[in-house]
Amino acid sequence: MTSGKQIGSLVRQLRKAQGMTQTELAEAIGRTMDAVSMIERGNSVPSVETLMALSKALNASIESLLMPEDFQITPARRDKLNQGYAVLASLPDDKLLIAVDQLKALARSS
């Protein structure tokens with residue numbers, strides 16, 4: 001997974017490539033312009049919900065926002081990631097927060 005600064009840099013690059021301002025992107029994802037600015041500077045890592053909104057607004061897969069270009073992903077891993085994404089997307093907000101906290105804990109223990 002990439003760092004917050006790498007995600008932010010990619011978000012800025014994709015936004016500019018589409019000729020969008022930070023304000024326009026903020027409106028498209030339901031966040032403030034300050035939130036978009038913090039993401040682009042790498043001062044804030046977007047939540048799962050924000051990543052989903054960014055993915056849609058920027059016409060980019062969530063995977064492309066999170067994985068470096070040189071990261072080689074196997075078809076089996078891609079399938080597992082897609083399954084996990086589908087499960088997360090189907091959860092109500094309260095359970096999604098729990099799931100994200102658990103995933104963060106797993107990532108820290110690796």
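Q: A polar contact is a pair of N or O atoms within 3.5 Å, where within protein one atom must be able to donate a hydrogen and the other to accept it, and residues adjacent in sequence count only if both atoms are side-chain atoms. With that in mind, which side chain does threonine 50 pair with in a polar contact?
A: The side chain of threonine 50 is joined to that of arginine 31 by a polar contact of 2.9 Å. Please keep in mind that this is a predicted model, in which local features need pLDDT of at least 70 and side-chain atom pairs count only at pLDDT 80 or more, while totals for chains, interfaces and linings use all residues. Residues are numbered from 1 along each chain as its sequence is written, and side-chain values use heavy atoms, with hydrogens and water left out.

Q: Okay, and where does threonine 50 sit, and what else does it touch?
A: Threonine 50 lies in helix 4, helices here being DSSP runs of H or I with at least four residues, and strands runs of E with at least two, numbered from the N terminus. Not counting residues up to four places away in sequence, threonine 50 touches Ile29, Arg31 and Ile39, where contact means heavy atoms within 4.5 Å.

Q: Is threonine 50 buried or exposed?
A: Threonine 50 counts as buried because its relative accessibility is 6%; buried means under 20% relative accessible area, exposed over 50%, and partly exposed in between, using a 1.4 Å probe and protein chains only.

Q: Let's zoom out, then: how many helices and strands does the protein chain have?
A: The protein chain has 7 helices and 0 strands, and read along the sequence the pattern is α-α-α-α-α-α-α. Of its 110 residues, 30% count as buried.

Q: Why does the radius of gyration agree with a compact globule?
A: A compact globule of 110 residues would have a radius of gyration near 13 Å, and the protein chain has 14 Å, so the two agree; the radius is taken over C-alpha atoms, and the globule rule is 2.2 Å times the number of residues to the power 0.38. Along the principal axes, the C-alpha atoms fill a box of roughly 35 × 35 × 25 Å.

Q: What does alanine 60 contact, apart from neighbours within four places in sequence?
A: Alanine 60 is in contact with Leu14 and Ser55. Its C-alpha atom is also separated by 9.5 Å from that of valine 11, which is 49 residues apart from alanine 60 along the chain.
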